[in-house]
Amino acid sequence: MKRLILLLALGASAPALAQHGGHAGHGAQPRPADPHAGHAKPAAPAPKPPADPHAGHTMPAPKPVADPHAGHAMPPSNPAADPHAGHTMPAPKPVADPHAGHAMPAAKPAADPHAGHSMPAADPHAGHGAAAPAPPVAPAPTAASAGPAHAADAVYGAQAMAAAREALRQEHGATKTGKLLLDRLEYRLANGRDGYAWDAQGWYGGDIDKLWLKSEGEGGFGEGLERGEVQALWSRAIDPWFDLQLGLRHDFGHGPDRSHLALGVQGLAPYWFEVDAAAFVSDKGDITARFEAEYDLRITQKLILQPVAELDFSLQDVPELRIGSGLSSAEAGLRLRYEFRPEFAPYLGVEYERGFGGTARLRRASGEDAGGWSLLAGLRAWF
């Protein structure tokens with residue numbers, strides 16, 4: 001019976017269940033029915049374009065703009081007129097080279113401002129960032145001179161070192177040396193008379209002090225000695241070039257003998273002139289002076305031309321010696337010598353000698369000429 005009632009209930013509810021077929025159960029919300037379900041929807045119409053206001057009207061074609069030059073023949077535009085048109089232009093001449101035909105010297109390099117100078121050595125500290133040490137400027141400490149005068153005596157002995165110091169002194173200035181110079185030993189031909197003359201000097205000593213001997217004179221063959229003199233002098237160096245000389249001079253020959261006190265200087269003047277100047281006071285009170293100069297002009301290493309000049313002065317007349325006051329006499333000569341060796345040199349030369357003032361007058365009074373020329377041939381030597 002129960003089964004029958006259940007079946008009847010299910011049959012009554014079947015249409016309602018069929019209404020919700022395909023839908024979710026009781027938990028889902030029911031959707032409303034689509035009224036267009038099963039109908040074909042028409043497509044949406046396309047929007048219409050705006051209406052053309054000229055639609056259906058025939059529009060005339062636009063007229064072209066009229067050309068203002070139409071029908072006119074226009075000349076072509078002219079370029080700027082060429083001023084040389086129709087002319088044949090000569091080719092330009094090249095500019096003449098001012099140095100053409102001249103040999104130009106090569107450019108000299110700039111002179112080195114340091115040429116001929118001794119440059120200091122490079123700084124050993126250059127580039128290392130350290131300055132070179134400055135040289136000391138303070139005096140030597142007192143301890144440096146507090147020891148013995150000759151410290152080597154304590155090592156080698158005083159006697160051995162004394163001998164060594166003496167040898168050093170001898171080698172560096174205390175050596176005694178000497179020289180004998182025969183400056184002129186010559187034959188003279190003057191006024192048809194044969195004669196001779198000499199001029200010699202020698203010295204012995206050290207660098208500072210010397211004994212100096214001088215002698216000169218002249219005479220004629222067969223006539224005896226005309227004049228002669230000899231000097232003995234102490235010579236003292238007053239600088240590297242000149243010596244101060246003091247001593248005695250004695251004259252002999254023609255006329256009475258005379259002795260003199262001599263004072264003079266001798267040495268090498270600038271430009272290599274050898275000079276000798278002296279003043280004399282005789283035992284009779286006569287005061288005279290003499291100046292001599294000579295120069296060696298080297299033509300070659302062996303051929304030498306030597307000009308020589310001598311001037312004699314007197315403060316008073318000395319009639320017995322035929323000497324007048326003032327400039328009493330002068331000599332000037334040239335001697336050309338050839339040095340086979342420096343110690344041996346023969347020469348030829350010429351000399352002119354003349355007395356002046358009172359000397360010339362005294363010579364003429366005694367039957368002599370005031371002066372004249374002489375031809376010379378001689379020898380220069382030293383030992």
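Three cavities of 30 Å³ or more were counted in the predicted model. A cavity is a set of points, on a 1 Å grid over the protein atoms alone, where a 1.4 Å probe fits but cannot get out, and lining residues have an atom within 4 Å of a point. Grid points are joined across faces, edges and corners, and a volume is the space filled by probe spheres set on the points. Because the model is predicted, local features need pLDDT of at least 70 and side-chain atom pairs count only at pLDDT 80 or more, whereas totals for chains, interfaces and linings use all residues. Residues are numbered from 1 along each chain as its sequence is written, and side-chain values use heavy atoms, with hydrogens and water left out.

The largest cavity has a volume of about 110 Å³. Its lining consists of Arg184, Glu186, Arg188, Ala197, Trp198, Asp199, Glu216, Gly217, Glu218, Arg227, Glu310 and Glu331. Two or more of these residues come from each of strand E1 (177-190), strand E2 (193-205) and strand E3 (209-220). Helices (H or I, at least four residues) and strands (E, at least two) are DSSP runs, numbered from the N terminus.

Strand E10 (303-314) and strand E11 (326-338) each supply at least two of the lining residues, and E11 gives the most, with four. The lining has six charged, three nonpolar and one polar residue by class.

Asp199, a residue of the lining of the largest cavity, is found in strand E2. Asp199 is buried, with a relative accessible area of 9%; buried means under 20%, exposed over 50% and partly exposed in between (1.4 Å probe, protein chains only). Leaving aside residues up to four places away in sequence, Asp199 touches Leu181, Leu182, Asp183, Arg184, Ser215, Glu216 and Glu292, a contact being heavy atoms within 4.5 Å.

The count of salt bridges comes to 28, each defined as a side-chain nitrogen of Lys or Arg within 4 Å of a carboxyl oxygen of Asp or Glu. Arg184 pairs in this way with Asp183, the closest N and O atoms being 3.8 Å apart, and both residues are buried. In the salt bridge of Asp209 with Arg236, the closest N and O atoms are 2.9 Å apart. Asp209 lies in strand E3 and Arg236 in strand E4 (residues 224-237), so the pair ties together parts that are 27 residues apart in sequence. Asp209 is partly exposed at 32% relative accessibility, as is Arg236 at 35%.

A salt bridge also joins the side chains of Glu353 and Arg363 (2.9 Å, N to O). Since Glu353 lies in strand E12 and Arg363 in helix H4, this pair ties together parts that are 10 residues apart in sequence. Glu353 is buried at 18% relative accessibility, and Arg363 is buried at 16%. In helix H4 (residues 358-365), Gly358, Thr359 and Ala360 are buried along with Arg363. The buried residues of H4 pack against E11 and strand E12 (344-355). Just after H4, Gly367 takes a positive phi of about 90 degrees.

Notes. On a 1 Å grid over the protein atoms alone, a cavity is a set of points where a 1.4 Å probe fits but cannot get out, and a pocket is an open set with protein on both sides within 12 Å along at least five of seven lines; lining residues have an atom within 4 Å of a point. Ala, Val, Leu, Ile, Met, Phe, Trp, Tyr, Cys and Pro count as nonpolar, Asp, Glu, Lys and Arg as charged, and the others, Gly among them, as polar.
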